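Here's a walk through a protein chain, starting with the overall build and ending with its charged pairs. Keep the structure open beside you as you read.

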Amino acid sequence: MSDIGLMNLKLKIWRQKNMTTKGKMVDYKLDGVSPDSSFLEMIDQLNEELVTKGEDPVAFDHDCREGICGMCSLMINGMAHGPESETTTCQLHMRKYKDGDTIVIEPWRARPMPVQKDLVVDRTAFDDIMVAGGFVDINVGSAPDANGLPIGKGNAELSMDAASCIGCAACVAACPNASAMLFVSAKVSQFALLPQGEVEKDQRVLNMVTKMDELGFGNCTNAAECEASCPKGIDISNIARMNREYLAASIKAH
Amino acid sequence: MSVKYLDGKVPEGPLKDKWNKHKFDSKLVNPSNKRKFKVLIVGTGLGGGAAAATLSELGYEVESFTISDSARRAHSIAAQGGINAAKNYPNDGDSIWRLFYDTIKGGDYRSREANVYRLAEVSNNIIDQCVAQGVPFAREYGGVLSNRSFGGAQVSRTFYARGQTGQQLLLGAYSAMMKQVNKGKLKIHTRMEMLDVVIVDGVARGIICRNLITGKISRHWGDAVILASGGYGNVYYLSTNAMASNASAAWRAHKKGAYFANPCFTQIHPTCIPVHGANQSKLTLMSESLRNDGRVWVPKNKDEKRAPNDIPEEDRDYYLERIYPSFGNLVPRDVASRNAKNQCDVGKGVGNTKLAVYLDFRDAIKRDGREAIEAKYGNLFEMYERINDENPYIVPMKIYPAVHYTMGGLWVDYNLESNLKGLFVLGEANFSDHGANRLGASALMQGLADGYFVIPYTIGRHFAEGVSKVDTNHPAFDEAEKTSKEKLDKLLNIQGTKTVDYFHKKLGQVMWDNVGMARNEQGLRKAIEEIPKIREEFWKDVKVTGDFDNLNMELEKANRVADFLEIGELMARDALMRPESCGGHFRDESQTDENEAKRDDENYTHVAAWEFTGVGKEPIRNIEELKFENVKLTQRSYK
């Protein structure tokens, strides 16, 4: 048993040197973890030990550590962002674990998002989908007065709900089909619910969905794992909205 | 070497007409010529992202660089509370003049009048632009935009998107960038870190970068270089900045000759989650907007043992409301932070560490109902509970000040151009608009103003004057690449005994203790003595594992901390050489009878723009005099 309150943990972590090398799970022991530490501070602690021993530390993505930048990821014991609902890995705290626990840490796994090193994956595919249509085509300088177009609070709030997506890709990682539909539908919905997005809505949904398919993301089979793992609570009804938008746009296009 | 007196190139004429006149006087680049000019932009936050989108819309060839895996990750995303604009939608007496005045006063009269006025002037365009991009700002039932109040203002001029305003504005700028990528007009280099800026004959002509995934070093040329690389708050190790936020791009430019202005002007944000322990990696901010409804207090009794909810009204000291009756809990950040420190210094702090004060929502919940409070701050309350394991709807929050923002930065003139021609600096990376203290909800405003509405006009002046073409085979590129590579190799080869974080923490402690919320001569001299020692030890004994040709986050960190170890010393020197107190820079030696910051207008109404002379060598303190023609300098009072 460790010092009062501190925990000793067993970690199983995916190690992979780079994109061309094969990876494997490696076991580590980490002692003296404070329950007040965040999950990433726990890995920091491990990395300090590894560097001191002259070993390569575990590479993982992280930045704001406030749950908003979308940089952090990690499959923790098989769950994207760990066990706590609507919480990013950086906001998960070690008080959720107990002394002696074994924790398995893996990267997101999906074909369109290959591992670059250890727990770091390439999420460029999300940018590619955004490039296909995730915007309102208006240049700086031509905007009308901000209050010129009133927007009902209901739709404004729903749009904001969808816009909360942080682009972390937990939805893809959690989905048995590696589908990106929660991500794509959140962006489609944000704009579809606002008059500003109305003008291009047909073209937008067609282009984004086409790009998503092209990149190799799977389809939705209503497993709803995406919604369960989403740290921002993006609602799966966005996918239904996107499907409606897509259908309507497809019919119009023919 | 002698002190230079710098010209901010503020246009002539009445304050209200300066920007319009300047735009008219600036030579234009004709549309078909714009594509012949290439602009390199380092950073994809609000300043850099907005500039990339806008300049490429105008027809320039633009390339953006970010250290993150996507342009959408920049730290602007973490801003919570809101963005100011002088729309006066609530009809409560706001105007461009008032926003200008509040910002100048909030900055304790250490910013340039003309820049601040321009900022207030374009603030309204920003809101229009963002709404048009589909940014889902908060709205009233009638469908119009909502506003709330922020510190240092007596009007409600802050627009917001729940507690995620920075995120929504950044995603707006990011969408605009994606639109330009779609059109083939913008190229974004992700996971690319700028190692050096290339200067040829005093003009910025390109940058050297390292691909963070493959380690490959590359050369990029441009007709102009824009740095929008953020602030240097991570000098303190613990701050609210993101882990990768760094000063390296700005600092490398400084070492190549760009002046660094007012480095001691740092902002300590009053409402952050207190430190939990030695393994803490960063501090989390709770938006200032919470002070709209939360009441800050400490127990009257130093030895108070009762839980906060058991402490009756008569034993609580709502010290901000007591000391500053007219602004109350909404005093500016520097004032709120210093008062929290004062309470803790006299032993009235709360929690285990005694380094915290309460921020209490009991009365607001009683008045407006839990639902109303949840609608405004729900996500912030959840975040607090996740970190602290206490429910702020029931138990008052515990907060303490933390390093949050740096007002200082690379010196720029009215055109946002540094003293090196062709090198422009936007957003937090420059020094220009916030003086000695930034008001809440003004950082987002400044970043977007610089990127959407200022740089598109001022950069044209540079091109219209004509720039000669340089390619990446120029010896200046060879030299910059060589020194950058050597530095990284050296870091990998030291193979000492201590980790990068060890040195970073050590530096952070010296900075927080001596160049923190209150500074004095003795402490500053101590910092100036100690930092070079830590730096020396770092270059002898740091241990960086991993290799050059693969993703190596330890190497990236070492390379950034090496720069912090230099900039920290400059901050202490700047603080020492400014014996007055102003805004966030509080010198114990210079206080009013009521312990407020006391300026020395006669001797220090100027910008200190430091010139690099070599590591460990005394830098030159150049000066830009600040002229106030439109506002009267007064003792800042929020009573």
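What follows goes from the whole chain to one helix and then to the salt bridges.

A quick word on ground rules: this is a predicted model, where local features need pLDDT of at least 70, side-chain atom pairs count only at pLDDT 80 or more, and totals for chains, interfaces and linings use all residues. Residues are numbered from 1 along each chain as its sequence is written, chains are lettered from A and ligands numbered from 1 in the order in which they are written, and side-chain values use heavy atoms, with hydrogens and water left out.

For its 639 residues, a compact globule would have a radius of gyration near 26 Å, and chain B agrees with 24 Å (taken over C-alpha atoms, the rule being 2.2 Å times the number of residues to the power 0.38). Of those 639 residues, 67% are buried. Here buried means under 20% relative accessible area, exposed means over 50%, and partly exposed lies in between, using a 1.4 Å probe and protein chains only.

For a closer look at burial, go to helix H7 of chain B, residues 248-255, where seven of eight residues are buried. Among them are B:Trp251, B:Arg252 and B:His254. After H7(B) comes B:Gly257, with a positive phi near 125 degrees.

Now for the charges. Over all chains, the structure holds 79 salt bridges, each a side-chain nitrogen of Lys or Arg within 4 Å of a carboxyl oxygen of Asp or Glu. One of them joins B:Lys9 and B:Asp413, at 3.5 Å from N to O. B:Lys9 sits in the segment before helix H1 and B:Asp413 in the loop between strands E16 and E17 of chain B, so this pair ties together parts 404 residues apart in sequence. B:Lys9 is partly exposed at 45% relative accessible area, while B:Asp413 is buried at 2%.

Another salt bridge pairs B:Asp563 with B:Lys487 at 3.3 Å, N to O. This one links helix H16 to helix H13 of chain B, with the two residues 76 apart, and both partners are buried. Elsewhere, salt bridges with shared partners join B:Asp108, B:Arg110, B:Arg578, B:Glu580, B:Arg599 and B:Asp601 into one network.

Technical notes. Helices (H or I, at least four residues) and strands (E, at least two) are DSSP runs, numbered from the N terminus.
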